[in-house]
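Subject: Structure handover

Hi,

Here is the structure I promised you. Please open it first, then read my notes below.

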Amino acid sequence: MIELNVEKMKCGGCSANVERVVKSLDPEATVKVDLTTKRVQVEGQMAADVLVDAISKAGYPAQLASPQ
């Protein structure tokens, strides 16, 4: 599982856009978006750096979340 901090997500439309970006990379991926914490969890077959780059290019700056 890849967990990301994703900035600039403010509404359901934002979370849907982020999910759409992930699904374009891997249609079988499981995506969980939490607008409150601005975190996205992804289970799929893509590399973390590719995921971060694609979400960031869509207008939502992303970075890998630090382990808690």
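Start with Lys57, which is exposed, with a relative accessible area of 69%. Buried means under 20% relative accessible area, exposed means over 50%, and partly exposed lies in between (1.4 Å probe, protein chains only).

Before going on, two notes on the basis. This is a predicted model, where local features need pLDDT of at least 70 and side-chain atom pairs count only at pLDDT 80 or more, while totals for chains, interfaces and linings use all residues. Residues are numbered from 1 along each chain as its sequence is written, and side-chain values use heavy atoms, with hydrogens and water left out.

Salt bridges

Side chains of opposite charge can pair when their charged atoms come close. How many salt bridges does the structure hold? There are 2. The term stands for a side-chain nitrogen of Lys or Arg within 4 Å of a carboxyl oxygen of Asp or Glu.

Lys57 pairs with Asp53, and their closest N and O atoms are 3.3 Å apart. Both residues sit in helix H2, 4 residues apart, so about one helical turn separates them. Asp53 is partly exposed, at 39% relative accessibility. Helices (H or I, at least four residues) and strands (E, at least two) are DSSP runs, numbered from the N terminus.

Glu3 forms a salt bridge with Arg39. Here the closest N and O atoms are 2.9 Å apart. This pair links distant parts of the chain: Glu3 is in strand S1 (residues 2-6) and Arg39 is in strand S3 (residues 39-43), 36 residues apart. Glu3 is partly exposed, with a relative accessible area of 27%. Arg39 is buried, at 17%.

The helix pair

Two packed helices are described by the angle between their axes and the distance between the axes. The axes of H1 (residues 12-25) and H2 (residues 48-57) come within 10 Å and cross at roughly 135°. That makes H1 oblique to H2. Axes are lines fitted to C-alpha atoms, for helices over the stretch in contact, and angles run from 0 to 180 degrees between N-to-C directions. Under 35 degrees counts as roughly parallel, over 145 as roughly antiparallel, 65 to 115 as roughly perpendicular, and the rest as oblique.

Which residues make the contact? H1 brings Val18, Val21, Val22 and Leu25, and H2 brings Val50, Leu51, Ala54 and Ile55. Contact means heavy atoms within 4.5 Å. By class, the contact of H1 with H2 has 8 nonpolar residues, no polar ones and no charged ones. Ala, Val, Leu, Ile, Met, Phe, Trp, Tyr, Cys and Pro count as nonpolar, Asp, Glu, Lys and Arg as charged, and the others, Gly among them, as polar.

Met9 lies in the loop between S1 and H1. Is Met9 buried or exposed? Met9 is buried, at 0% relative accessibility. Met9 and Ala54 are 45 residues apart in sequence and 15 Å apart in space, C-alpha to C-alpha.

Ser15 is found in helix H1. Ser15 is buried, at 15% relative accessibility. Ser15 touches Val33 and Leu35, not counting residues up to four places away in sequence.

Met1 lies in the segment before S1. Met1 is exposed, with a relative accessible area of 63%. Met1 touches Gln41, Val42 and Glu43, again leaving out residues up to four places away in sequence.

Best wishes
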